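Welcome! Let us walk through this structure together, step by step.

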Amino acid sequence: MDMTTIDTETLRDVIDRVVKRTMNVDFTWDWPAGVAFHGICRAWEATKKDEYLEALIRWVDEYLEVGLPPFTVNACAMGHTLLTLHEATGETRYMDLVMQKVRYLREEAPRFGEGVLQHTVSTKNDFPEQAWVDTLFMAAYFLLRVGVKLQDDEIIEDALSQYYWHEELLQDDTTNLFYHAWDNLSGTHLSGAFWGRGNAWAALTMAEALRLIDYTYPMFMQIDGALRDLLSALVRLQSEEGLWHTVLTDPSSYPETSASAGIAAALVLYGHPLHGKYVVRALKGILDNIGPDGSVRNVSAGTAVMRDVEAYKRIPKKRVQGWGQGLALVFLSSLLQQGKEHA
């Protein structure tokens, strides 16, 4: 169960297969591409294979010529890739679009309460005054990356406010798990589900936040405490196969690969010395769900806040999904980078 025994060459081979399979999916400019390409960006950072970056540049540049759809909170996930492309190339067109997404989130995206971003998937008012845990990846973590890069205190504080309120509204005080959503109009958590991928969004983005800010920010300790307690709960819910269930507290729900990859990536990034055995177990479970062609399997389809817990268990898991590819790449790349740091 020692993480130092993980074979880095195997990781490189699997990463390469997953990247190539991912680039053969015909994405649109929306969150599936945002998560998938963020994973490829992380793979490029870990391997320094320029072909990964070049593939992203070709795709993004072609889409910019065609024209972008209207912004939504979900589609702001593409900002992660744009930010990495700017950092890698210095091209201002990528940063210009990053700032357009920032302005949308800061000035146009609907909010409620104390400035909490309402989750949006279209230009319609889809989910009035609802906070979804997904927003932590699509918007809060993106804003934090931009704010830290620009040393812009207003953007940083807005990002950290999103972390604060999503934790306040969604993290259960008893289980320390995150609910999928909060409905401010009804004052409920709707389905009340502890959804696996939702908890992966929370864990991963909090772990990333702790790498971007330090203890001089009051929110650092709040995020650290929330993540510590969340990961402590999650490791005790890992299945024998190394995966987590799509409804975390319901062993009759299916094991789900994207949630497992996101949670395992958070464990790697947080770096608790006693969590290594869970990471190794997760690696085996995730590798068992990656085909020879790099397809990440047993990934649940796009999941709205469902009517009840039983509905989450019926979400199909047959197709290759961008978020499955991307979160697997984040996990595998985080492992590879950690191995290089300790070599």
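## Starting point: Lys 101

In which helix is Lys 101 found? Lys 101 sits in helix α5, which covers residues 92-108; helices here are DSSP runs of H or I with at least four residues, strands are runs of E with at least two, and both are numbered from the N terminus. This is a predicted model, in which local features need pLDDT of at least 70 and side-chain atom pairs count only at pLDDT 80 or more, while totals for chains, interfaces and linings use all residues. Residues are numbered from 1 along each chain as its sequence is written, and side-chain values use heavy atoms, with hydrogens and water left out.

Lys 101 is buried yet has no salt bridge, and Asp 30, the nearest side chain of opposite charge, is 8.3 Å away. Buried means under 20% relative accessible area, exposed means over 50%, and partly exposed lies in between (1.4 Å probe, protein chains only). A salt bridge needs a side-chain nitrogen of Lys or Arg within 4 Å of a carboxyl oxygen of Asp or Glu. Leaving out residues up to four places away in sequence, Lys 101 touches several residues, including Trp 29, Phe 71, Met 78 and Phe 142; contact means heavy atoms within 4.5 Å.

## The chain as a whole

Stepping back, the chain has 13 helices and six strands. Its radius of gyration, 18 Å, is close to the 20 Å that the globule rule gives for 343 residues, so the chain is as compact as a globular protein of that length. That radius is taken over C-alpha atoms, and the rule is 2.2 Å times the number of residues to the power 0.38.

The C-alpha trace spans about 50 × 45 × 40 Å along its principal axes. Of the 343 residues, 59% count as buried. Among contacts with a separation of 6 or more, 71% are between residues 24 or more positions apart.

Tyr 163 lies in helix α7 (residues 153-170) and is buried, with a relative accessible area of 3%. Beyond its neighbours within four places in sequence, Tyr 163 is in contact with residues including Leu 136, Tyr 141, Thr 205 and Ile 223.

Is Leu 248 buried or exposed? Leu 248 is buried, with a relative accessible area of 3%, and is found in the loop between β5 (244-245) and β6 (255-256). Setting aside neighbours within four places in sequence, its contacts include Leu 177, Trp 195, Asn 199 and Ile 263.

## Charged pairs

Side chains of opposite charge can pair when their charged atoms come close. Here the count comes to 19 salt bridges. One of them joins Arg 42 and Glu 45, with the closest N and O atoms 3.6 Å apart. These two residues are three apart in helix α2 (residues 31-47), a separation of about one helical turn. Arg 42 is buried at 5% relative accessibility, whereas Glu 45 is partly exposed at 23%. Both belong to a network of salt bridges that also links Glu 208 and Arg 211.

Another salt bridge brings Arg 106 to Asp 158, with a closest N to O distance of 3.2 Å. This pair links distant parts of the chain, since Arg 106 is in helix α5 and Asp 158 in helix α7, 52 residues apart. A further salt bridge joins Arg 197 and Glu 256 (3.4 Å, N to O). Arg 197 lies in helix α8 (residues 196-212) and Glu 256 in strand β6, so this pair ties together parts that are 59 residues apart in sequence. Arg 197 and Glu 256 are both buried.

Technical notes: Lys, Arg positive; Asp, Glu negative; His and termini not counted.
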